[in-house]
Amino acid sequence: VSGTIVPSTQREDIVEEGERNFRELADNAPVMVWRSGPDKLCDFFNEPWLRFTGRSMEQELGNGWAEGVHADDLNRCLAIYIDQFDRREEFSMDYRLRRHDGEYRWVLDNGRPYYRADGSFAGYFGSCIDITERKVEQAELEEALATTQGALREKDALLQELQHRVRNNFQIMLSLISIASEYQTDPVAREQLQQLQKRIHLVGSAQRLFHRSGAPMDVSCREVFRALAEALPKLGPIQCDETRLDVNQGTALALLLGELSEKGVVPASGTYTVQLRTVESGRARLSISCNTDKLRRDKSCAAIVNVAAGLLDAPLVLNNPVSIIFRPGAAS
Amino acid sequence: MTGATDVHLAAGPHNDDLKPSQARARESAALQPRRILIVEDELLISLEAELIITSLGHQVVGMARSADAAVEVASRERPDLVLMDIRLEGPSDGIDAAVKIRNTLGIASLFVSAHDDPQTMARAATATPAGFLIKPYTAASLGEAIRKAFTAGQAD
């Protein structure tokens, strides 16, 4: 056996000195410190702890400390303490601890097992800090968040209600025109009413994509084409580069394609076709292969096509193909 | 920016998977005069629907403005199809009525609504509807949706 044999009285002196050093260190720590033995009972609280609770060491020892824990937190605290203690694992928990002035303060308690030099389990050390201000701030933040979320939900509900009413009113308008058309005996007038209904419906279909709750203000051109094509049976193949359109550009497409669906069909194919290509400097070229003869002769068609060009903020070439170069996206 | 691609349009209910004789039988069935119930709280919209349905050769067997009235008329008249708005007068909506009518009478509804948010669409699916037409729609698209409802065999 190597090493020096230390007499028992000297060993006790060393232990006592170690304990004194620990207590001196703990009493000067800027946090509240506690210690428990292998039997789970507390055998030490430092000065900051005793100053905080305003109680004596004797009152706190053993399970005395639990008298200061808020009744609503005590069972949870003991459960964590006992459970982690039995597993010899670290724990971190918060609870309300009564201060010397009677006010309960939130503390964060971190506990960790400690072992003797020979490796045997000796108990737990723990340190606590006052986190009341942090808790209050957190509660205020959560309340503010709940208020904001409530306001957003209300706004969303209001927006959905408005969208519903707008769409329903759109439908009432279309129904009125449809009823007038059903009872119209003059075929020309009837045709005009049906044409008017299609125009309104197309603009409504395009705008519906942009005026959705939670939807972005710009929409993929493919989505716009899909929505419009459902109402345009004579619209032939569509080829497009991925491009985002804003509500004005979507409306312009609805107007253009709507007018061409009646007037621009190419006799050979019975359809008209669309291409949307990105070109230089973030711009896009819309080309529609179609017959423009009828379009030029019909003044209302020509006027609506001009409105579409205005919405795209670019000059429109009314040849075959009809083409226009514009700047896509919500910034235009 | 991705390369150019074709925009493929969503196909509606079709008869591609059927034998020609079955497809013809369904098309023919779709053209048979049918009995339809209109459930809509806007009178102008229900009047237009009535005109369109009648012009297609079908018969309107009743009009209801609330979910309770819809269930009552459907129980009495046993229509072939219910044209169902979602927002109605009263505490229950068109989805509640459509589910009840589907479960108790086996009759499908064609939803016609301005609501197309995901939650509403998911709820509407529980009624196993014959279709969903979003407002605003045209006379032609309503006629087409009714034709498809019968052709697809959801409403018999």
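Okay, B:R78: this residue sits just after helix 3 of chain B and takes a positive phi of about 45°. Helices here are DSSP runs of H or I with at least four residues, strands are E runs of at least two, and both are numbered from the N terminus. Keep in mind that this is a predicted model, where local features need pLDDT of at least 70 and side-chain atom pairs count only at pLDDT 80 or more, while totals for chains, interfaces and linings use all residues. Residues are numbered from 1 along each chain as its sequence is written, chains are lettered from A and ligands numbered from 1 in the order in which they are written, and side-chain values use heavy atoms, with hydrogens and water left out.

Staying with helix 3 of chain B, which of its residues are buried? They are B:A67, B:A70, B:V71, B:V73 and B:A74. Buried means under 20% relative accessible area, exposed is over 50%, and partly exposed is in between, with a 1.4 Å probe and protein chains only. Those buried residues pack against strand 2, strand 3 (59-64), strand 4 and helix 4 of chain B.

B:R35 pairs with B:E77, and their closest N and O atoms are 3.2 Å apart. This one links distant parts of the chain, since B:R35 is in strand 2 (residues 35-39) and B:E77 is in helix 3 (residues 67-77), 42 residues apart. Both ends are partly exposed: B:R35 has a relative accessible area of 27%, and B:E77 has 24%.

Next pair: B:D85 and B:K135, whose side chains meet in a salt bridge at 3.4 Å, N to O. B:D85 is in the loop between strand 4 (81-84) and helix 4 (94-105), and B:K135 is in the loop between strand 6 (131-134) and helix 6 (139-151), so the pair ties together parts of chain B that are 50 residues apart in sequence. Here B:D85 and B:K135 are both buried. Over in chain A, salt bridges that share partners make one network out of A:R99, A:D101, A:E103, A:R105, A:D130 and A:E133.

Over all chains, the structure holds 36 salt bridges. How many does the rule find across the interface of chain B and chain A? Three. One of them joins the side chains of A:R167 and B:D116, at 2.9 Å, N to O. A:R167 comes from helix 5 (residues 132-183) of chain A, and B:D116 from the loop between strand 5 (109-113) and helix 5 (118-125) of chain B. A:R167 is buried, at 6% relative accessible area, whereas B:D116 counts as partly exposed at 23%.

Now the interface as a whole. Chain B and chain A bury about 2,800 Å² between them, 58% of it on carbon and sulfur atoms; buried area is the accessible area (1.4 Å probe) that two parts lose on being put together, summed over both. The contact, meaning heavy atoms within 4.5 Å, takes 27 residues from chain B and 29 residues from chain A. Nine residue pairs are in polar contact between the two chains, both residues being at pLDDT 80 or more. A polar contact is a pair of N or O atoms within 3.5 Å; within protein, one must be able to donate a hydrogen and the other to accept it, and residues adjacent in sequence count only if both atoms are side-chain atoms. On the chain B side, strand 1 (5-6) and helix 2 (43-55) each supply at least two residues. Helix 2 gives the largest share, seven residues.

Let me finish on chain A. It has 10 helices and 12 strands, and buried residues make up 40% of its 332 residues. Among its contacts between residues at least 6 apart in sequence, 55% join residues at least 24 apart.

One residue there to look at is A:R35, in strand 1 (residues 32-36). Is A:R35 buried or exposed? Buried, with a relative accessible area of 8%. The A:R35 side chain makes a polar contact with the side chain of A:E19, at 2.9 Å. Leaving aside neighbours within four places in sequence, A:R35 is in contact with residues including A:F22, A:L41, A:F44, A:Y114 and A:F125.

Methods
A salt bridge is a side-chain nitrogen of Lys or Arg within 4 Å of a carboxyl oxygen of Asp or Glu.
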